[in-house]
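Subject: Handing over the structure

Hi,

Here is the structure I promised to pass on to you. Please open it next to this email, and read my notes with the coordinates on your screen.

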Amino acid sequence: MIIKSVNLETVCGITSKIPDNQLSEFAFAGKSNVGKSSLINALMNRKSYARTSSQPGKTQTINFYNINDEVYLVDLPGYGYAKVSQSEKEKWGRMIESYLKKSKVLRQVFLLVDIRHEPGANDKQMYEWIVHNGYRPIIIATKADKIKRSQLQKQLKLIREGLGLEKSDVMIPFSAETKQGREEIWEYLEGADQPGENELSSE
């Protein structure tokens, strides 16, 4: 997709109402410091539009980026950061779950995991949570430039086994530095014109 316009249209906090958008939404979930903002910036072809922070866990809102008045990229709060209180984590969890259940135009959820490490308990929980809410997430293995090319398949297998993925589940290696995987992700964004399963059952 040729990016003509980018607009941070809606920022939802814990008490905010989920916007009733008409354009398709694509949500991005991932542990704090996994490179989610860097990925979204790369997809938007912007260097620093999505908020990046040297302090993991700082993103406490759901951010809706309107791209070309055609689709929304939805940045969900990062999870798993130790310095955030348990009560705060639970609030964020409820906020994310509310969005997954209530959005009528959410087409696909992307789950980001660090390609260098085996998925942690928080990653597994988020994967199961997304599936429970009616979506088969596309896994994005970030920071692919941080490993040797010869290690790629080994690390992808580690993630696939760690999350308990099915053979049909899609996984895309990605690097914000080299833009590896960017076009492949956009192919899924542009090709996903069917509603998510829970859109059909949402109230």
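Below is what I found, going from the whole chain down to single side chains.

**Confidence first**

Please keep in mind that this is a predicted model. The chain has a mean pLDDT of 87, with 88% of its residues at 70 or more. The stretch to treat separately is residues 194-203, where the pLDDT is below 50. That stretch still has 19 contacts in the model beyond near neighbours in sequence.

**The chain as a whole**

The chain holds six helices and seven strands. Along the sequence they come in the pattern β-β-α-β-β-α-β-α-β-α-β-α-α. Of its 203 residues, 50% count as buried. If you take the contacts between residues at least 6 apart in sequence, 75% of them join residues at least 24 apart.

**The sheet**

Seven strands make up an open sheet with mixed pairing, and their order is β1-β3-β4-β2-β5-β6-β7. At the edges are β1 (6-12) and β7 (171-173), each of which pairs on one side only. On average, neighbouring strands in this sheet are turned by 25 degrees against each other, ignoring direction. Helix α3 (residues 121-132) packs on the sheet and touches β2 (24-30), β5 and β6 (138-142). The direction of α3 makes about 170 degrees with that of β5.

- β1 and β3 (residues 62-67) run antiparallel and are joined by six bridges; T10 has F64 in β3 as its bridge partner.
- β3 and β4 are also antiparallel, with five bridges between them; here F64 stands opposite V74 in β4.
- β2 and β4 run parallel, again with five bridges; the bridge partner of F26 in β4 is L73.

So much for the pairing; the hairpin of β3 and β4 has a detail of its own. Three residues lie between its strands, and N68 takes a positive phi near 60 degrees.

**Strand β4**

How many of the residues of strand β4 (residues 71-75) are buried? Five of its five residues are, which leaves the strand mostly covered. In a regular strand the side chains alternate between the two faces of the sheet. In β4 both faces are covered: V71, L73 and D75 are buried on one side, and Y72 and V74 on the other.

**Helix α5**

Helix α5 (residues 182-191) has four residues to look at: R182, I185, W186 and L189 are its buried ones. Seen down the helix axis, these buried residues fall within an arc of 100 degrees, so they line one face of α5.

R107 lies in strand β5 (residues 106-114). With a relative accessible area of 16%, R107 counts as buried because the cut-off is under 20%. The side chain of R107 has a polar contact of 3.2 Å with the side chain of S24. R107 also comes 8.3 Å from A27, C-alpha to C-alpha, although the two are 80 residues apart in sequence.

D169 sits in the loop between α4 (152-163) and β7. Is D169 buried or exposed? D169 is buried, at a relative accessible area of 6%. Its side chain makes a polar contact of 2.9 Å with the side chain of R136. Apart from neighbours within four places in sequence, D169 is in contact with Y127, R136 and R160.

N63 belongs to strand β3. N63 is buried too, with a relative accessible area of 2%. The polar contact to look for here is the one between the side chains of N63 and T61, at 2.8 Å.

**Where to start**

After that, please colour the chain by pLDDT and see where residues 194-203, with values below 50, sit in the model.

Happy to go through any of this with you.

Best wishes

Technical notes: Residues numbered from 1 in each chain as written. Heavy atoms only, no water. Buried < 20%, exposed > 50% of the residue type's maximum accessible area, 1.4 Å probe, protein only. Helix = DSSP H or I, 4+ residues; strand = E, 2+ residues; numbered from the N terminus. Arc of directions from axis to C-beta. Polar contact = N/O pair within 3.5 Å; in protein donor to acceptor, adjacent residues only side chain to side chain. Pairing = 2+ DSSP bridges. Axes fitted to C-alpha atoms, helices over the stretch in contact; angles between N-to-C directions. Contact = heavy atoms within 4.5 Å. pLDDT = per-residue confidence, 0-100.
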